[in-house]
Amino acid sequence: MNKRPPITVTTHDYERLEQMLRNPRYKNIPGIESLQDELDRANVVEPDELPENVIAINSMARFVDDCTSDQYEVTLVYPDKADGVSNISVLAPVGSALLGMSVGQSIPWQVPGRQKLHLRVLDVKSPD
């Protein structure tokens, strides 16, 4: 994979995601190794230290796929809250790619069964 930008996640999200990744229920999800790779390289901070422009769980993110110019607005959630439309699971390939990114950052990302995406974050709204 090409160069990836630095990412930041909260201790709360990090710990919960690490627990999920150890759960056999999630071991066969396509791209799960990519999420583990992202967590392994993340800068982990306390929730009150996370900048407002960084995508965390329950953040709304507006982003563009620079390969197609398609724009999307989603809320990043844990799998039990995902609806596949406006609430996207952090375990989904695009959700894994967005976790911890901030406004202005971009990342190339391979989606299983599809061509590579190039996601760029346009806006982030922190959870209330």
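Colleague: Is serine 102 buried or exposed?

Modeller: Buried means under 20% relative accessible area, exposed over 50%, and partly exposed in between (1.4 Å probe, protein chains only). Serine 102 has a relative accessible area of 15%. Serine 102 is therefore buried.

Colleague: What kind of model is this, and how are residues numbered?

Modeller: This is a predicted model, where local features need pLDDT of at least 70, side-chain atom pairs count only at pLDDT 80 or more, and totals for chains, interfaces and linings use all residues. Side-chain values use heavy atoms, without hydrogens and water, and residues are numbered from 1 along each chain as its sequence is written.

Colleague: Where is serine 102 found, and which residues is it in contact with beyond four places in sequence?

Modeller: Helices (H or I, at least four residues) and strands (E, at least two) are DSSP runs, numbered from the N terminus. Serine 102 is in the loop between helix H3 (93-98) and strand S6 (106-110). Contact means heavy atoms within 4.5 Å. Leaving aside neighbours within four places in sequence, the contacts of serine 102 are Asn53, Val54 and Val121.

Colleague: How many salt bridges does the structure hold?

Modeller: A salt bridge needs a side-chain nitrogen of Lys or Arg within 4 Å of a carboxyl oxygen of Asp or Glu. By that rule, the count is 3.

Colleague: Which parts does the salt bridge of glutamate 38 and arginine 4 tie together, and how far apart in sequence are they?

Modeller: The two side chains meet at 2.6 Å, N to O. Glutamate 38 lies in helix H2 (residues 32-41) and arginine 4 in the segment before strand S1 (8-10), so the parts tied together are 34 residues apart in sequence.

Colleague: Which residues are linked with Glu38 in a network of salt bridges?

Modeller: Arginine 41 also forms a salt bridge with glutamate 38, with the closest N and O atoms 2.9 Å apart. These two are 3 residues apart in helix H2, so about one helical turn separates them. Glutamate 38 is buried at 0%, while arginine 4 is partly exposed at 30% and arginine 41 is partly exposed at 25%. The residues linked with Glu38 are Arg4 and Arg41.

Colleague: Which residue forms a salt bridge with aspartate 66?

Modeller: Aspartate 66 is partly exposed, with a relative accessible area of 33%. The closest N and O atoms are 2.8 Å apart, and the partner is arginine 120.

Colleague: How many residues apart in sequence are the parts that aspartate 66 and arginine 120 tie together?

Modeller: Aspartate 66 sits in the loop between strand S3 (60-65) and strand S4 (70-77). Arginine 120 belongs to strand S7 (residues 116-125), so the separation in sequence is 54 residues.
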